[in-house]
Amino acid sequence: YVAGLNVAQAQAKVKRTIGAHYQDSKIKLTIGQTRAITVSVMGEVKTPGTYSISAFATVFNALYLAGGVNKIGTLREVKVSRNGRIITTVDIYDYIINGRLTGNVMLQDNDVILVGPYCSLVKAEGHVKRPMYYEMKKNESLQSLLNYCGGFTGYAYKKKVRIERISDDGLTVHNVDEFDFSSFHVADGDVMVVDSVIERYKNTVKIRGAVFREGQYRLDNKV
């Protein structure tokens, strides 16, 4: 039986099993026709339903067939249920940001993919490389959000970040120092604003008039 093995694993198993009886022969397996399996994609996807797909399909393939997640669907905790229990949870950000396919398992017949609503949505504005909305897991830090944004742009003020937060009493503002980025936890509805540096020169003098080279020059005690 070679069910659940890839071609290389199946070939190695066949060689171990019958190769000893045919020592002068070369054994090579190829796939003539793949079988189809049936999986269900449920929850917050654009087209939930049951799909017939290749037996080599993964979670990503099934999500693609279902049109991807809808406006409130999570990208951080896509669950795969098999025989009534959760066998894996896929964090699509881990693939988008880090290129890792953690949890993107090969599907089996009658698997169910469950996409729930997102837990927390945070907006990043200002001088970051990818300003937009990001889905955050519970207790993820401001530093994680900055990593998802691709970090600061060259014109960003990096020593302090402003968080605008919705509370029961209205809107509040939190100014987070750079040393607290890893300990400050973002919440649903937060807006992170990264301001620019002040357009002011600290060590410059302008020279104009009857000189050979007008312009700005460095002015301090250093040579």
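Biologist: How many helices and strands are there in the protein?

Modeller: In this predicted model, the protein has four helices and 12 strands.

Biologist: Why is the protein called more spread out than a compact globule?

Modeller: Its radius of gyration is 28 Å, while the globule rule gives 17 Å for 223 residues; the value is well over the rule, so the protein is more spread out than a compact globule. The C-alpha atoms fill a box of roughly 95 × 55 × 30 Å along the principal axes.

Biologist: Good, now the rings. What makes Tyr-93 and Tyr-148 an edge-to-face pair?

Modeller: Their centres are 5.3 Å apart, and pairing asks for centres within 6.5 Å. The planes stand at 80°, and angles over 60 degrees count as edge-to-face. Tyr-93 belongs to helix 3 and Tyr-148 to helix 4, so the pair ties together parts 55 residues apart in sequence.

Biologist: How do you know that Tyr-93 is buried?

Modeller: Buried means under 20% relative accessible area; Tyr-93 has 10%, so Tyr-93 is buried. Tyr-148, with 11%, is buried too.

Biologist: And why is the pair of Phe-152 and Phe-181 called tilted?

Modeller: Stacked needs planes under 30 degrees apart and edge-to-face over 60, with the rest tilted. The planes of Phe-152 and Phe-181 are at 45°, so this pair is tilted; the centres are 6.4 Å apart. Both residues are buried.

Key: Residues are numbered from 1 along each chain as its sequence is written. This is a predicted model: local features need pLDDT of at least 70, side-chain atom pairs count only at pLDDT 80 or more; totals for chains, interfaces and linings use all residues. Side-chain values use heavy atoms; hydrogens and water are left out. Helices (H or I, at least four residues) and strands (E, at least two) are DSSP runs, numbered from the N terminus. The radius of gyration is taken over C-alpha atoms; the globule rule is 2.2 Å times the number of residues to the power 0.38. Rings of Phe, Tyr and Trp (its six-membered ring) pair if their centres lie within 6.5 Å; planes under 30 degrees apart count as stacked, over 60 as edge-to-face and the rest as tilted. Buried means under 20% relative accessible area, exposed over 50%, partly exposed in between (1.4 Å probe, protein chains only).
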